[in-house]
Structures are given as C-alpha cells and as structure tokens.
Amino acid sequence: MESIQAIKQRFGIIGNNQALNRAIEKAIQVAPTDISVLVTGESGVGKESIPKIIHQLSHRKHNKYIAVNCGAIPEGTIDSELFGHEKGAFTGATQTREGYFEVADGGTIFLDEVGELPLTTQVRLLRVLENGEFLKVGSSKVQKTDVRIVAATNVNMFEAIEKEKFREDLYYRLSTVDINLPPLRERQEDIHILFRKFASDFALKYKMPTIKLSDNAIQVLLKHRWGGNIRQLRNIAEQLSVLEQNRTVSASTLQGYLPASSGTNLPAVIKTSKSESDFSSEREILYKVLFDMKADLNDLKKLTMELMKNGNVKDVEKNNESLIQKIYGDNDDEDIDFKESNSNNDLIAIAEHNSSKDTPTPVQDKYYFAEEIEEEETLSLHDKELELIKKSLERHNGKRKLAAEELGISERTLYRKIKQFDL
Ligand SMILES: Nc1ncnc2c1ncn2[C@@H]1O[C@H](COP(=O)(O)OP(=O)(O)O)[C@@H](O)[C@H]1O
Ligand SMILES: [Mg+2]
C-alpha cells in the first residue's frame with residue numbers, strides 16, 4: 001500500500017494535519033473496494049483530490065474517471081448528461097447520446113455537490129447504485145453499467161434530508177464510508193506551508209520574485225477565519241503575487257486583502273467573500289480587473305476622440321458629463337492623478353501598458369500575466385464578464401444590490417450591463 005506521504009506527493013497535497021492524514025489514509029483503504037464514499041467538508045478544503053486518489057488506487061484506474069459538478073448542470077439537462085438520452089426524447093435531441101454512466105462503465109464517477117441533485121435524478125441514481133441499472137431519458141430499455149461512485153458535499157445533508165431536498169435512502173447508500181476534510185482554520189500548522197507553496201507556484205507562473213510574509217503578517221494569516229478555505233488562501237496568494245510591488249508583505253497590506261477589513265484598495269474578491277461565493281474560479285479577480293480596465297479604456301478612447309475632434313475642453317466636458325463620471329467614478333470620488341504611482345493606480349498602469357503596445361516600459365514584465373491569460377484561455381473578456389455577472393446574479397437569486405456589491409461595481413453600472421448583455 002502506498003504511504004500517505006507518497007500519495008500527498010503524487011496528488012500535490014500539502015500539509016501534515018492529523019485529520020488530513022486520516023482522510024487520505026481512509027481513501028487509500030477504501031480504494032480497492034467498490035464501496036461508495038461521501039467526501040464532506042466546507043467549500044475549498046480540497047475534496048476533489050479524494051475521488052482522484054480512490055480512482056487511481058483502484059482496479060478501475062485504467063478506465064474512465066468522470067467528475068460531474070451536480071450544482072453546475074441545469075436541472076433540465078442533468079438526467080440526460082448523467083444517463084444519456086434517446087433520439088427524439090425532447091426538442092433538440094436530434095441524436096442518441098451516451099450519458100456519463102454509460103461512458104464511465106468500469107470506471108469511477110465523482111458527483112461533486114451531490115446535495116444539489118434534483119429529486120427526480122436522485123431516484124435514477126439510487127437505482128443505478130442499487131443494481132447497476134439505468135434508463136436513457138426517453139427510453140424504456142434497461143441498461144447495465146458498473147460504475148463506482150464517490151460523491152462530495154459541502155452542505156449539511158441531514159438538514160437537506162429534513163427539508164426533503166435529499167432522499168434519506170440515497171444518502172445512506174452514498175455514504176457507506178464518510179471521509180471528512182477539516183476546514184483550514186482547524187489546520188493551523190498547515191496554513192503557512194500552504195501559503196509558501198502557492199507563493200512559490202505563482203512566482204514561477206508570473207515570472208516574478210516570490211512573495212514573502214513579515215512575521216506579523218504570518219500571525220494575521222494564522223488568525224484569519226478562512227471561510228473559503230484553501231481555495232481562498234490560494235486566491236490571496238495569487239493576488240499578492242500579482243499585485244504587490246513590495247515582495248515582503250506586511251500585516252496591514254495582507255489585512256487589506258482579507259474580507260473582514262475595510263478601506264481596502266482591491267476590488268471584487270474582498271466583497272465576494274462577504275457573500276456566499278466560494279471563489280469558484282480563482283481567476284475571477286484577474287478577469288474582473290482586466291475587463292474593468294478594458295471598459296475604462298474604451299470610455300477613455302471615446303473621450304480622447306471627442307477631445308481631438310472638438311478641441312474645446314469645456315464643451316467636451318459638458319457634453320460628456322455622464323461618461324466622465326463613469327470613468328472617474330461617482331461624484332464623491334477624488335480626482336485621480338494618472339501620474340501618481342500609488343498602488344491604487346497600478347491597475348491604471350496596466351491599462352496604459354496594454355494600450356501602448358509599441359512602447360515597452362518596465363511595467364511590461366510585471367504585468368506579463370495579462371497577455372498570458374489571453375493566450376491560455378480562449379474565452380474572450382466579454383464572455384468572461386458576462387459569465388461573472390450571471391454567476392453573481394445567480395448566487396444572489398437575482399438581487400442586483402448584492403451582486404453589484406460582490407462585483408465591486410455600482411448598482412447603476414450593473415443595471416447598464418444587464419441591459420447591454422440582455423440578461
Ligand atoms: N492540501 C492541499 N494542498 C495543496 N492544494 C490544495 C490542498 N487542498 C486544496 N488545495 C487546492 O485548493 C483548491 C480547492 O480545492 P478543491 O478540491 O477544489 O476544494 P473543494 O472541492 O473542497 O471545494 C484547489 O486549487 C486545490 O488544488
Ligand atoms: Mg469542489
């Protein structure tokens with residue numbers, strides 16, 4: 001049997017907390033069997049490694065491993081995704097389609113956020129767990145499959161059962177073995193090691209010197225609540241790595257990146273963490289910064305164009321009052337001096353840099369990530385922005401005020417974007 005240390009190394013798991021070790025040990029023990037496993041723990045604690053370990057250490061390792069985020073698939077399509085559908089089963093079903101349970105025959109399916117499964121899907125899942133049988137949507141032909149299920153949840157399943165959102169029989173069927181991962185705040189000894197690991201990873205990725213924490217900053221790090229757990233810690237390490245010029249971070253600088261503090265000079269993520277968000281995409285902050293800049297840049301272009309055409313500053317000022325207000329913020333904002341080089345204006349520096357492609361400046365290396373992201377991800381900023389707004393609205397059940405707060409924009413701007421994207 002592979003040792004816990006070897007597994008950690010193989011799956012990139014950092015930390016030596018006892019409860020973490022116990023969880024990995026349990027995963028190693030159940031792997032060779034076909035027992036269903038339920039991984040529990042708050043969002044961001046590292047649940048996704050467990051099913052990977054189980055699959056890789058099982059006799060199924062040469063067959064498929066499919067991870068399904070049950071919370072991310074719309075209710076209307078989830079049955080078809082999981083079990084497939086027959087041609088003509090519903091409008092748009094122009095062809096027969098195999099579902100994950102068919103494709104992963106002989107392998108493992110990881111059902112993440114299993115608590116989000118609709119009740120009708122739960123019935124189908126129970127059947128497949130009990131006797132390996134399922135029906136494609138729109139078909140009456142019983143099919144057989146041999147799939148091992150590992151599920152994960154960050155919600156209290158007993159509460160869900162109480163509220164009749166989750167079937168009790170399915171819960172017991174799924175949780176033959178329960179593997180719990182502790183929240184980061186209960187893994188004090190691992191917090192700084194994890195930070196150092198992430199800092200060093202991001203230094204490599206963004207080709208910048210590794211960020212370090214002062215002694216006081218380490219204390220701040222250890223005392224923080226880490227509601228978003230390791231995902232949040234990783235996010236903070238990434239933000240610091242990208243945005244901080246001074247590579248030794250002081251306690252107060254770090255505090256500025258942590259949710260509870262006020263008067264911070266960073267957008268989105270700070271506010272995000274006040275809400276329900278679980279930092280689902282660690283790149284959201286970077287995209288947000290980028291598309292905010294792009295929007296500002298477009299507005300500035302418009303204004304410059306006006307100035308060039310018109311020449312009369314006063315006139316342009318008068319005719320473009322709302323545009324000027326949009327770029328420079330709402331009335332009570334201070335005047336922004338573009339030349340000033342405090343950290344607030346670092347973001348503006350990126351915009352300037354991006355807009356002047358042919359005049360390389362020292363800023364260029366520092367913001368190398370801006371180009372990298374565009375190359376790596378095919379998503380356009382526009383799509384990403386749309387996705388961010390949608391997600392935020394969803395998270396807040398369409399409440400614009402909360403979404404705007406999370407996105408770090410005014411309600412008015414959000415309203416404008418909703419109109420613009422026809423949301
Ligand atoms: N022990 C760990 N060592 C290194 N990275 C970790 C560890 N636990 C979690 N992570 C990282 O934190 C992020 C969130 O983990 P994930 O498994 O997606 O959390 P969950 O599924 O519990 O919400 C991922 O980027 C993951 O790689
Ligand atoms: Mg997850």
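Is Arg60 buried or exposed? In this predicted model, Arg60 is buried, with a relative accessible area of 1%, where buried means under 20% relative accessible area, exposed means over 50%, and partly exposed lies in between (1.4 Å probe, protein chains only).

Residues are numbered from 1 along each chain as its sequence is written, while chains are lettered from A and ligands numbered from 1 in the order in which they are written. Because the model is predicted, local features need pLDDT of at least 70 and side-chain atom pairs count only at pLDDT 80 or more, whereas totals for chains, interfaces and linings use all residues; side-chain values use heavy atoms, with hydrogens and water left out.

**The protein as a whole**

The secondary structure of the protein comes to 22 helices and 11 strands, which are DSSP runs numbered from the N terminus (helices are H or I with at least four residues, strands are E with at least two). Of the 423 residues in the protein, 45% are buried. The accessible surface of the protein comes to about 22,200 Å², and carbon and sulfur atoms account for 49% of that surface; such areas come from the Shrake-Rupley method with a 1.4 Å probe, and for residues only the protein chains shown count as cover. Contact means heavy atoms within 4.5 Å, and among contacts between residues at least 6 apart in sequence, 69% join residues at least 24 apart.

**Salt bridges**

The structure holds 13 salt bridges, a salt bridge being a side-chain nitrogen of Lys or Arg within 4 Å of a carboxyl oxygen of Asp or Glu. Three of these pairs are set out below.

| Salt bridge | N to O distance |
|---|---|
| Arg60 and Asp146 | 2.7 Å |
| Asp79 and Arg124 | 3.3 Å |
| Asp169 and Arg167 | 2.8 Å |

To return to Arg60, its side chain meets that of Asp146 in a salt bridge. Arg60 lies in the loop between α3 (49–56) and β2 (65–69), and Asp146 in the loop between β7 (142–144) and β8 (148–153), so the pair ties together parts that are 86 residues apart in sequence. While Arg60 is buried, Asp146 is partly exposed, with a relative accessible area of 38%. Both residues also belong to a network of salt bridges that links Asp34, Arg60 and Asp146.

The side chains of Asp79 and Arg124 form another salt bridge, and this pair links distant parts of the chain, since Asp79 sits in helix α4 (residues 75–83) and Arg124 in helix α6 (residues 119–131), 45 residues apart. Asp79 counts as buried at 16% relative accessibility, whereas Arg124 is partly exposed at 25%. In the salt bridge between Asp169 and Arg167, Asp169 is partly exposed at 35% relative accessibility, and Arg167 is partly exposed with a relative accessible area of 29%.

**The surroundings of ligand 1**

Ligand 1 is surrounded by 16 residues, the closest being Ile14, Gly44, Lys47, Glu48 and Arg231; a residue is near a molecule if one of its heavy atoms lies within 4 Å of it. By class, this shell has 6 nonpolar, 4 polar and 6 charged residues, where Ala, Val, Leu, Ile, Met, Phe, Trp, Tyr, Cys and Pro count as nonpolar, Asp, Glu, Lys and Arg as charged, and the others, Gly among them, as polar. The helices α9 (188–206) and α11 (229–243) each supply at least two residues of the shell, and the largest share, 3 residues, comes from α11.

A nitrogen atom of ligand 1 is 2.8 Å from a polar backbone atom of Ile14. An oxygen atom of ligand 1 lies 2.6 Å from a backbone N or O atom of Gly44, and an oxygen atom of ligand 1 is 2.8 Å from an N or O atom in the side chain of Arg231. Taken alone, ligand 1 exposes 550 Å², and the protein buries 82% of that.

Leu414 has its place in helix α22 (residues 411–421) and counts as buried at 0% relative accessibility. Leaving aside neighbours within four places in sequence, Leu414 is in contact with several residues, including Ile389, Leu393 and Ile409.

Glu306, found in helix α14 (residues 284–310), counts as partly exposed at 27% relative accessibility. Not counting residues up to four places away in sequence, Glu306 touches Gly311, Val316 and Asn320. The C-alpha atoms of Glu306 and Val316, which are 10 residues apart along the chain, are separated by 6.6 Å.

Technical notes: A polar contact is a pair of N or O atoms within 3.5 Å; within protein, one must be able to donate a hydrogen and the other to accept it, and residues adjacent in sequence count only if both atoms are side-chain atoms.
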